[in-house]
Amino acid sequence: MDNLSDTLKKLKITAADRTEDCLEGCLDCLLQALAQNNTETSEKIQGSGILQLFANLLTPQSSCTAKVANIIAEVAKNEFMRVPCVDAGLISPLVQLLHSKDQEVLLQTGRALGNICYDNHSLQAQLINMGVIPTLVKLLGIHCHNAALTEMCLVAFGNLAELESSKEQFASTNIAEELVKLFKKQIEHDKREMIFEVLAPLAENDAIKLQLVEAGLVECLLEIVQQKVDCDKEDGIAELKTASDLMVLLLLGDESMQKLFEGGKGSVFQRVLSWIPSNNHQLQLAGALAIANFARNDGNCIHMVDNGIVEKLMDLLDRHVEDGNVTVQHAALSALRNLAIPVVNKAKMLSAGVTETVLKFLKSEMPPVQFKLLGTLRMLIDAQEAAEQLGKNVKLVERLVEWCEAKDHAGVMGESNRLLSALIRHSKSKDVIKTIVQSGGIKHLVTMATSEHVIMQNEALVALALIAALELGSAEKDLESAKLVQTLHRLLADERSAPEIKYNSMVLLCALTGSESLYKEVQDLAFLDVVSKLRSHENKSVAQQASLTEQRLTVES
């Protein structure tokens, strides 16, 4: 280590007068010392104040530049050296060196910048602002035959792509084209893995998704899937998963998805369809997720239902009823839910037997599956007949009532409440209401009327008004114990209640006059004061309903 002290002193002198031969000898000594004991040598370098001199040595003309950059890269492996490197003003000259034509200089410069900025988002953002992304993309294109430089660029892209601010810059380069070109040439698993690690964060950006599709990435991914589908080696299984996951990610962009759908005639769409009946769980999952993504607009949904996709998804779900794969169940139900959105698809899906298939999963204890199951049923029951049939299904209604109390899973709780209400609103059936009353569902509809979401409040109030109009006798006790009248008073008195909430609350209030005990509660709470104030409400419908309600309450009293 005494040698090291001498070397550092000598380096200070030679760095000042730029005698390249002596300089090179000193730099070689430093690299040797770093190879033997990086941490200790780095501490000595920091203490010597030599870092400040390095900024002037990083010039494109000097023959020592690569070695200086290599030393910086080595010391910056230590976390405690990164801030001193920044303070010594090394970042700007290093960034300038990325324009060098010397491949060794480029490699060591890339390593140095990568190590200094490792895991530091603000420094990485600084590099992005200094324009390193277009420079690195250009380097990848020029030096794609240099394995070490290629790897350096990929590592840099992987780190920078995690930052949101990088995506726009990447999108303005030809990164997609370069990565796909590189990907096609790779045979080794590890190299492909590195490219995948860059592609995944980049593909989160919609513009880059489309660029990747146009550059032919999808064809590469489909080829990997074909090669690895029957592979039982760990590497092959991992690659199949990565390729199919990335494929699904590309479909999340509207433009890239539509481009691959090609009116349902696209070869990619056809290939994805063939994944669904496969015996490989990963492919079944990717296939179902891809269909769910293709089913994001009505035209695609209608085409797919007309061409038999529903039967394929039902067959897939049937294979996963007993001890099934939860992710596959969730994905297939997501696809069915999306397909059920266009009005013209609902009757077709009902007659294909979708509700029967979906109901097989009522016993599932997995909230994500429960959530999608509920959403699918709710999408399908716009038709009176379907709502009536499901609403009289005691097992379903009892399960809904149970899930209405799933406080840990707000999504499941909300969907259960909405489905209960929908069964009443669409069926308008006394039998359905009786089933819901007998299963203890009334209190949940009253609670739903106080939801923070106006749409849910409304759905609850309309369902409760139908209950009051059609089956008040059997629901009376439950409405009392759920404190419906007090809830309506609060909704009408609260200035923040939306006009439609006030309107539907008054419609329900009028329907309650048919029950002696509930009407007594209405009288006790002095509703007339609240209602008469609403006659001057700015919303005409609310004002008219207030007049009608006031007359009704006055007549009854």
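The model is predicted. Its largest nonpolar core has 201 residues. The count of salt bridges comes to 25, while the count of disulfides is 0.

**Helix 11**

- Helix 11 runs over residues 147–160 and has 14 residues.
- From first C-alpha to last, helix 11 reaches 20 Å, close to the 20 Å expected at 1.5 Å a residue.
- Asn-146 caps the N-terminal end of this helix. A side-chain oxygen of Asn-146 lies 3.1 Å from the backbone nitrogen of Ala-148.
- The buried residues of helix 11 include Leu-149, Met-152, Cys-153, Leu-154, Phe-157 and Leu-160. Thr-150, Ala-156 and Gly-158 are buried too.
- The cover over these buried residues includes helix 8 (103–116), helix 9 (121–129) and helix 10 (132–142). It also includes helix 12 (164–171), helix 13 (175–185) and helix 14 (189–202).

**The largest nonpolar core**

- Phe-54, Ile-291 and Leu-339 have the most contacts inside the core of 201 residues.
- Helix 32 (residues 454–470) gives the largest share of this core, 9 residues.
- Phe-54 is in contact with Leu-11, Leu-30, Val-68, Ile-71, Ile-72 and Leu-90, leaving aside its neighbours within four places in sequence.

**Salt bridge Glu-24 and Lys-67**

- The side chains of Glu-24 and Lys-67 meet in a salt bridge, 3.2 Å from N to O.
- This pair links distant parts of the chain, 43 residues apart. Glu-24 is in helix 2 (residues 20–36), and Lys-67 is in helix 5 (residues 65–75).
- Glu-24 has 25% relative accessibility, so it counts as partly exposed.
- Lys-67 is also partly exposed, because its relative accessible area is 22%.

**Salt bridge Lys-363 and Glu-322**

- Lys-363 and Glu-322 meet through their side chains in a salt bridge, 3.8 Å from N to O.
- Lys-363 lies in the loop between helix 25 (354–359) and helix 26 (367–380). Glu-322 lies in the loop between helix 22 (309–318) and helix 23 (326–339). The pair therefore ties together parts that are 41 residues apart in sequence.
- Both Lys-363 and Glu-322 are exposed.

**Salt bridge Glu-550 and Arg-535**

- Glu-550 forms a salt bridge with Arg-535, and the closest N and O atoms are 2.7 Å apart.
- Glu-550 is in helix 38 (residues 540–556). Arg-535 is in the loop between helix 37 (527–533) and helix 38, and the two residues are 15 apart.
- Glu-550 is buried, with a relative accessible area of 17%, whereas Arg-535 is partly exposed at 45%.
- Elsewhere, salt bridges that share partners join Glu-24, Asp-28 and Lys-67 into one network.

**Thr-357**

- Thr-357 is found in helix 25.
- Its relative accessible area is 4%, so Thr-357 is buried.
- Thr-357 touches Met-314, Leu-317 and Asp-318, not counting residues up to four places away in sequence.

**Cysteines**

- The structure holds 0 disulfides.
- For Cys-153, the closest cysteine sulfur is in Cys-144, 10 Å away.
- Cys-153 is buried, with a relative accessible area of 1%.
- Cys-404 counts as buried at 5% relative accessibility.

Technical notes
Residues numbered from 1 in each chain as written. Predicted model: local features only at pLDDT ≥ 70, side-chain atom pairs only at ≥ 80, totals over all residues. Heavy atoms only, no water. Helix = DSSP H or I, 4+ residues; strand = E, 2+ residues; numbered from the N terminus. Expected span 1.5 Å × (residues − 1). Buried < 20%, exposed > 50% of the residue type's maximum accessible area, 1.4 Å probe, protein only. Contact = heavy atoms within 4.5 Å. Polar contact = N/O pair within 3.5 Å; in protein donor to acceptor, adjacent residues only side chain to side chain. Core = buried A, V, L, I, M, F, W, Y, C linked by side-chain atoms within 4.5 Å. Salt bridge = Lys/Arg side-chain N within 4 Å of Asp/Glu carboxyl O. Disulfide = S-S within 2.5 Å.
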